[in-house]
Structures are given as C-alpha cells and as structure tokens.
Amino acid sequence: MKPMQEKRVSLGTLANVTASITGALIVLLLVTAQAYSQGLPGRWMAVGRTLDNGEQQKSILELKQSGDQLTGTVKAQDFSFEVKGTVNGNHFELYGPGNPNKLFLVGDLVNGELHAMQGHHEFVAKVASPSDDIPTVSYIEPPSLHNIPDNGLAKTPPMGWNSWNLFAGKIDDQTVRTMADAMVSSGMRDAGYIYVNIDDTWEGVRDEQGNLQSNNKFPNMKALADYVHSKGLKLGIYSSPGPRTCAGYPASYGHEAQDARTFAGWGIDYLKYDWCSAGRIYKNEQLQPVYQMMGDALEATGKPIVYSLCEYGLGSVEKWGPAVGSNLWRTTDDIRDSWESMIGNVETQVPTAPYAGPGHWNDPDMLEIGNGHMTDDEYRTHMSLWALVAAPLLAGNDVRNMTSATKSILLNKEVIAIDQDSLGKQASPRKNGDLETWIKPLADGGAAVGVVNRGSTAMQATVNAGDLQLGGKVNEARDLWGHKDVKFKNGTYSAMVPSHGVLLLKISAK
Ligand code: GLA
C-alpha cells in the first residue's frame, strides 16, 4: 500500500504541473502550427521499431527547400547522411548518397505529416520538437590495404538456402529449424544445398561487454547452429560493416573482431556482410579497406567461414574481392521475383566474367525459383543462367512446400553439375536478335551451352558446334531439361524454345 501523503499534492506542485502542461501544450501548438505553415522545410522525426532492450529507433530529417529543389540531412540511429531531391506540390522524392541515384524516400505531405516509403518500409514523420535528437557515431578510419590469404573455401559456387527473398523480417528460430528439416527431406541437402543462411533481422542488442546478442526471435543461436549441424547442414548469418543493417538492426561497425569471434563461437559457417549503413559513413572508394576489416577478423577466428560481400556491384568489387578474403560478392542490386529483374541481374554481371573462379565468385543474388511470380519456363531459364554463370545457388523459396515443378528445377542434378563444374568458368552471352547463347567451358574439355529466348513467342534455336570451340566433331549432346540425348546433324542442333524459355545442352569432350 502506498502511504496516504504521497497522494497529497501541494499547491506548488499543482502550479508546476499546470505550468508544464501549459508548456507542453504551447510546444504542441507551435509544432502543429509549424507543421501546417512550414510545408516540407524544417525538422521531422520518424519513430520506427523497438529493439529488445526497449530502445526505439528514430530518425530525424532536416529539410531545406529552394524552388522545387530539396536538400537536407538524415540522422538515423548512429549515423547521418545528406539527401537531395525534388518537391512537386505535396509530393516529394529524396535521394541518398553512396549508391548513385538511389531513391531514399518518396511520399507526400499529408495533414502536417510526412507519409512516405523508404524502400519497402513505411515512413511516417511528424514535426520534431527542439529536444528531439539522436546520437551519431564517430568516424573510424579504415586500415591500409594488404592481401588476406585465400581461406580455401567455396572451390565451387556455394549452394544452400537464404531466408530473405521469402521471409524478409519474418524469419525466426523455428522457421530455420523446419527449413533445415525440409532441406534434408526434400533432397536439397543431398543435391548439394548445404548452407542454411539467416539473413537480416536476427540481431538483438549488445551486452555490457559489447557482445552482440540475437533478438528474441532467436533465443539461442549456438543451439540453433548445433541443430542445423546435426542435420548435416551448415549455418550462415548476416551483418553489415555499418552501425545498422539494411533493416535497421545493430551491426558490426567498430565491433568487427568481436562479432567475428561471436559468430565463430556460435558455430557459424558463412557470413553475408551487407554494405547498408556503411554507405552513409564511407565512400565507395573505401569499400575494399572496410571489407578487409571483417576479412581479417574472420581469418583471426581460425574457423572456416565463407565470406560473402553484399555491396550491390559497387566499387569494381570483382577486382579486389579475393584480396579481402572474400569467396563471393554481389554484382547487382537486389533480385525480385520477376523476369525483368532476374534477366537484368545476370546481364549486369556480364563484364565481371573474367574474375570468377574457384574460391571467388560473382553473385547476381539469390534464387527466386518457386516464389510464384515467374512461369516455370522462366524459372528454368533462371536456374540455367545461374548455372552457366557459375553463380552461387541459394534457394529463396519455401523448401518445406515445393510444387513438383519447383523441385524438378532446383533438384535437376545435371544442371547443378554445370554450376558446380570444377573449372569454375562464367559463361558470357552472344546475341542473335531475341536469342541469346551462353557458352560455358567445362573441366572435362566439353561445354554447356544455353540458348535463351528473350522474345515473346516461341523460336527455333540452333546450336552450331563450330561456335563451341571444342575441336573435333560434335555428334551428340545431352538436353538437360528434356532429360534426353540428342544428335547433332552436320554440326548443328535445332529445337523450339518457348518465350522466356531455354535450351540447355551439355556436350562432353570426345
Ligand atoms: C539488402 C540486401 C538483401 C538483403 C537485405 C536485408 O537489401 O541486398 O539481399 O540482405 O538487405 O535487409
């Protein structure tokens, strides 16, 4: 029971309370009046998710307007960056730094509030009061460059599953466990899909010693790793060289060595390291030394950990990826489950072909096969192209629940063998109208050849043995989707290919 006197309120206290209520009302009225009078210029505050320790994620947007041009600063949790954009009536668009022309925020001024989208996330900001502020982190100078020795991993492109394409922020311990079970029961593991990779949104907060903990969706990461290992699989995790991940969770800035030790201690076998908020602190020219920090940290753990860079193809990564100890690096922006996105990604990485090879691969992003927005022909083309360009094969669908068509695509062992060929060559295309021919030399002296029909009607594709540079006569080939041997006549083989479909042949050396 509380003592009675606590309930008594003195006149002085009443006066104080009245004063503070009046003060708060005045601030509110001023702020509201400002909201209606200011238009877009001014200080805005958005409140985002609450972390496990109760900390609310906030960002402050300070905008200036000159004609239809906007400039400003965003202070997000731990870092700040400049934005530029335009305004048209109540509608505005703001672009961030780092990634050229990357749309940061697009929305409208509605009843004195900003209602916008930041990527896929909703962003609602109200006029900030003068006391609203956010701490920022201090700049850490990246180290000078040196070469990190090859970790000996990923002699063929990594294969597995990743949570992001399907689950995004809705991934948790239980889902990862059921997915690991399904990787075994569906035959994915035995076909070579070994890594089960947790993408963004697993991160909790740091403890008093600065050790990053998993959040309450992942109660015990070590136990989860043990479970995944008990299934004959390996576990992957995700972080960023910036202070926050792309989804706004705590990341490894200033904690590289400590986080690498944490990951190794949990038994993690694969790290995807996503540029994200590092782009607000560092310039693209600093990608290499920044990625080197985690490369060194992983090496120092002594545990074999595949090192996957995610920097959307920035900074000519293919030229220095191996030097920072990386096994694969993203060559493109994020894939979506659409023909245009898939074909665009594989096209974007064509110039990087000479840089792929055992231990270090170009990554046009994870697979969308089975996620439902492309046709089966398009998914067969997706799988064929990823195999031809020696891309990592990280399934991004629900392997617990696959249609027979999805299974037949992801589990086509002859196509997987093209991807996993030990020579590790990345095919490049030759165009002939809507038909595109990709040729990949194989370790046995043979070749895989894919003819993709990018047109909107079925077309006859012809493979000329002379183009394959195999030396000697080609009499027969294996049709990897038709599951049959086919005959070349007078040095050519022809077949009809549906719109957005593929003819994929393997020609063995004589
Ligand atoms: C970036 C990456 C994606 C995914 C998300 C997670 O967009 O490119 O692959 O990891 O971040 O937030």
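Helix axes here are lines fitted to C-alpha atoms over the stretch in contact, and the angle between two of them runs from 0 to 180 degrees between N-to-C directions. Two packed helices are described by the angle between their axes and the distance between the axes. The model discussed is a predicted one.

Take helix 5, residues 256-266, and helix 7, residues 287-301. Their axes lie 8 Å apart and meet at an angle of about 45°. An angle under 35 degrees would count as roughly parallel, and one from 65 to 115 as roughly perpendicular. Helix 5 and helix 7 are therefore oblique to each other. The crossing in which helix 5 passes helix 7 is right-handed.

A second pair is formed by helix 9, residues 339-348, and helix 10, residues 376-388. Here the packing angle is about 15°, and the axes are 11 Å apart. Because angles under 35 degrees count as roughly parallel, helix 9 and helix 10 are placed in that class. Helix 9 passes helix 10 in a left-handed crossing.

The text now turns to the ligand. There are 13 residues around the ligand, and those that come nearest are Asp199, Asp200, Lys272, Asp274 and Asp334.

Lysine 272 places a polar side-chain atom 2.8 Å from a ligand oxygen. For aspartate 274, the distance from a polar side-chain atom to an oxygen atom of the ligand is 2.9 Å. Arginine 330 has a polar side-chain atom 3.2 Å from an oxygen atom of the ligand. The ligand exposes 310 Å² when taken alone, and the protein buries 92% of that area.

Notes: Residues are numbered from 1 along each chain as its sequence is written. This is a predicted model: local features need pLDDT of at least 70, side-chain atom pairs count only at pLDDT 80 or more; totals for chains, interfaces and linings use all residues. Side-chain values use heavy atoms; hydrogens and water are left out. A residue is near a molecule or strand if one of its heavy atoms lies within 4 Å of it. A polar contact is a pair of N or O atoms within 3.5 Å; within protein, one must be able to donate a hydrogen and the other to accept it, and residues adjacent in sequence count only if both atoms are side-chain atoms. Accessible areas come from the Shrake-Rupley method with a 1.4 Å probe; for residues, only the protein chains shown count as cover. Helices (H or I, at least four residues) and strands (E, at least two) are DSSP runs, numbered from the N terminus. Angles under 35 degrees count as roughly parallel, over 145 as roughly antiparallel, 65 to 115 as roughly perpendicular and the rest as oblique. A crossing is left-handed if the near helix is turned anticlockwise from the far one by less than a right angle, and right-handed if clockwise.
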